[in-house]
Amino acid sequence: MLSALVNAQIHQSSGVWREGAALLRNGESIEALVEIKDLPANVPQLDLAGGYLVPGFFDTQVNGGGGVL
C-alpha cells in the first residue's frame with residue numbers, strides 16, 4: 001500500500017525541494033520522490049506541516065568486534 005508525505009522541505013544534494021512528496025511503501029520505506037501534482041488521487045497523505053525530510057545517516061563503526069579492542 002502506498003502513502004505519501006507531503007508539505008515538507010525535502011533536503012537533497014541539489015538543495016531543498018518544497019514541491020515534492022515522498023511516496024512510502026507500506027509506511028516503511030521511501031519508494032520515490034515525486035512532484036505533488038503527480039500524486040495518484042487515492043493515495044493517503046500525511047501533512048508534515050513544513051517539517052524536514054533529510055537523508056538518514058547510519059554509524060557502521062564497530063568497537064570490540066571479533067574480540068579486538
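These legends describe a predicted model of one protein chain, in several views. Residues are numbered from 1 along each chain as its sequence is written. In this predicted model, local features need pLDDT of at least 70, side-chain atom pairs count only at pLDDT 80 or more, and totals for chains, interfaces and linings use all residues, while side-chain values use heavy atoms, without hydrogens and water.

**View 1. Strands of the protein chain.** The protein chain has 7 strands and 0 helices. Its pattern along the sequence is β-β-β-β-β-β-β. Strands (E, at least two residues) and helices (H or I, at least four) are DSSP runs, numbered from the N terminus.

**View 2. Dimensions of the C-alpha trace.** The trace spans about 55 × 30 × 20 Å along its principal axes.

**View 3. Burial in the protein chain.** Of the 69 residues, 25% count as buried. Buried means under 20% relative accessible area, exposed over 50%, and partly exposed in between (1.4 Å probe, protein chains only).

**View 4. Ser29 and its surroundings.** Ser29 lies in strand β5, residues 29-35. Ser29 is partly exposed, because its relative accessible area is 40%. Not counting residues up to four places away in sequence, Ser29 touches Leu23 and Leu24. Contact means heavy atoms within 4.5 Å. His11 is 18 residues from Ser29 in sequence and 17 Å away in space, C-alpha to C-alpha.
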